[in-house]
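Thanks for coming. I will go through one model today, starting with a single loop residue and then moving on to sheets and helices.

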Amino acid sequence: MASTAKMASLVLFCILFCCLSAEATGVLTYRNPDEPMNMRIRDLMKRMTLAEKIGQMAQLDHDVVTPEIMRDYSIGSVLSGGGHVPSPKATPQDWVELVNNLQTGSLSSRLGIPMIYGIDAVHGHNNVYKATLFPHNVGLGATRDPALVKKIGAATALEVRATGINYAFAPCIAVCRDPRWGRCYESYSEDPNIVKEMTEIIPGLQGDLPLNSPRGVPYVGGRDKVAACAKHFVGDGGTTRGINENNTVIDRHGLLSIHMPGYYHAIIKGVSTIMVSYSSWNGEKMHANRELVTNFLKNRLKFRGFVISDWQGIDRIKTPAHSNYSDAILQGIHAGIDMVMVPYNHTEFIDIVTDLVEKKVIPMSRIDDAVRRILRVKFTMGLFENPMADLTYVDQLGSQAHRDLAREAVRKSLVLLKNGQNADAPLLPLPKTASRILVAGTHANNLGYQCGGWTMTWQGLSGNNHTYGIHIYTLFSLLDTLGLRAMLSDSLLSCYETGTTILNAISTAVDPSTEIVYSENPTSEFVKSNKFDYAIVVVGELPYAETKGDSLNLTIMEPGPNTISNVCGSVKCVVITVSGRPVVMEPYLSQIDALVAAWLPGTEGQGVADVLFGDYGFTGKLPRTWFKTVDQLPMNVGDAHYDPLFPFGFGLTTDRAC
């Protein structure tokens, strides 16, 4: 007993000596990278006031924050909402300057706790001018290629880091069970198994989890990686009639077997953060659901990163939004939300939480749990050692390697739904040496439509020039006239623009002797009188995001149906749909010789031409069921009433042209 007591005293003396030595040399334990992470967290938390802890729980939008606010309130995080940029067509240098300006404020606070900066990088670094934009998730689900998706995650991380940002609100691992939902294109599939496989994007964004890592511990593997965010927990893709932020009515078994598997795998792969859904489960708001957020996600699944609200998500616990705000904050924090997205009202939030803690309505243990998780992610990211952004990765933004990767993703995402009429020979692949071809449709020459929502702005854009670079079809026309178009190589093309429309891609793919006629909505008389060898019609949906994309009819935009009728009734045609989900096609199918689902392919339209003309074969498979009529919805594979136009997993293949 005596020797045991002496040993304990010696250990205690050593600990005290080490701590005193660290203090004496001016190196605080939490600032010492040689100390174990848990010791650093404990040391820092001992030093923090209640105000500093609550400040760490707030995330503000950069539009309203200043370095002084970061310093005075010890704010934990900043985000750029959709379309919120330092300036129009901001350069990576502009972004780095913005991030470092705010980080300097954080570092000048009493304890110098660095902030984390978040952004929606959901199909590439989509807020940023000249970034590579990959196909949206529905298209990636069609590839059935988790290794490709992991590469896309790594490329996205590099482009995000090129702008000094270290946190991406991706991936969305919702399982969309009704295409009427306006976020369906953010879902990889109606099948939870495909969604589960596509969580491979997480090690792409964050780095591969080291062997023997404890389950649930977040991981970010270096300065070329970013913290990821699995969203939106949980069941957001199963709401009634696909209405965004609505109620998901399903029993617990259904919730866990359909909507939860992606989260199991995200946690296994070390995801740093998880975002809560606006939606409800059987009438209970997810932002207030302690059973699922704390008891299941944190306690049962052992998730040790931090849980973040959606944009003003706590406000929406109550109806109307922001009413009885004190009670909404109480419910959200009690549920287990650690970081709260309060983009514009941090003082109100901080004052209310402070009051609730001082009155012992929110226990200090709940605040400490939140702050411990936030700090764990920050220490994991190495922010205390390397808080400032730099220009190391500036050349990665829109790099040719990333554009080549996006082009590959487009090729693999295309799903061939029809190829030839009855006993007729297949139309695809198309010949490159035709005499004259027609390209038509609203989506043939519009990069904004091609990229969809979450592109430069929240809702997306229309057109080419104002966002992506100069419009070059006139350049093709001039070179055609002069007989010089063959001089315009792919490498030269990339110097003139930061994205390629499907029309531009067709122009570079066909033989220089082939005449291309572009008419957005030609009459049938025009088509018949011009003796085209074949036509390519590109139609689809307008860009949208979230609730603005909710649709009960799922029709392609006008004059799409008219264009299909005028063109395909007069000449052999291939119709390409550019959409975030299946759309009504049955009424037009008999007129169409070949039908291709291109989803929302992003900036690299060359990938479409690669497959149309047989440089590569079609390999994509439907990630979701293609309905006949909207009256059948919701309809998913395995349902008793399953009677699709094209079933889940369908996709014709072609060989490369000789």
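Ser109 sits in the loop between helix H5 (92-107) and strand E3 (116-119). Before going on, the ground rules: this is a predicted model, in which local features need pLDDT of at least 70 and side-chain atom pairs count only at pLDDT 80 or more, while totals for chains, interfaces and linings use all residues. Residues are numbered from 1 along each chain as its sequence is written, and side-chain values use heavy atoms, with hydrogens and water left out. Helices (H or I, at least four residues) and strands (E, at least two) are DSSP runs, numbered from the N terminus.

Is Ser109 buried or exposed? Ser109 is buried, at a relative accessible area of 10%; buried means under 20% relative accessible area, exposed over 50%, and partly exposed in between, with a 1.4 Å probe and protein chains only. Its side chain reaches the backbone oxygen of Ser106 at 2.7 Å.

Now the sheets. Strands of a sheet pair through backbone hydrogen bonds, either parallel or antiparallel. Two strands count as paired if DSSP finds at least two bridges between them.

E3 belongs to an open sheet of five strands, ordered E4-E3-E2-E1-E11, with parallel pairing. Strand E4 (167-168) and strand E11 (340-341) are at the edges with a single partner strand each, so one side of each has no neighbour in the sheet. Strand E1 (residues 58-61) pairs with E11 over two bridges in the parallel sense, and Gln59 stands opposite Met341 in E11. H5 packs on this sheet, touching strand E2 (77-80) and E3, and its direction makes about 140 degrees with that of E3. Contact here means heavy atoms within 4.5 Å. Axes are lines fitted to C-alpha atoms, for helices over the stretch in contact, and angles run from 0 to 180 degrees between N-to-C directions.

Another open sheet has three strands in the order E5-E7-E10, paired parallel. Its edge strands are strand E5 (229-233) and strand E10 (306-308), each pairing on one side only. From one strand to the next, the twist averages 25 degrees. Four bridges join E5 to strand E7 (residues 273-276), and Cys229 has Thr273 as its bridge partner in E7. Helix H11 (residues 261-268) lies across E5 and E7, at about 155 degrees to E5.

Next, strand E17 (residues 594-599). Six of its six residues are buried, so E17 is largely enclosed by the rest of the structure. Ala594, Val596 and Ala598 are on one side, and Leu595, Ala597 and Trp599 on the other. Strand E12 (residues 415-419) runs antiparallel to E17, with four bridges, and Val415 is partnered by Ala597. Strand E16 (residues 573-578) pairs with E17 in the parallel sense over five bridges; there, Val575 is opposite Leu595.

Last, a helix pair. The axes of helix H7 (residues 146-162) and helix H16 (residues 400-413) come within 10 Å and cross at roughly 145 degrees. H7 contributes Leu148, Lys151, Ile152, Ala155, Leu158 and Glu159 to the contact, and H16 contributes His402, Leu405, Glu408, Ala409 and Lys412.

Key. Polar contact = N/O pair within 3.5 Å; in protein donor to acceptor, adjacent residues only side chain to side chain.
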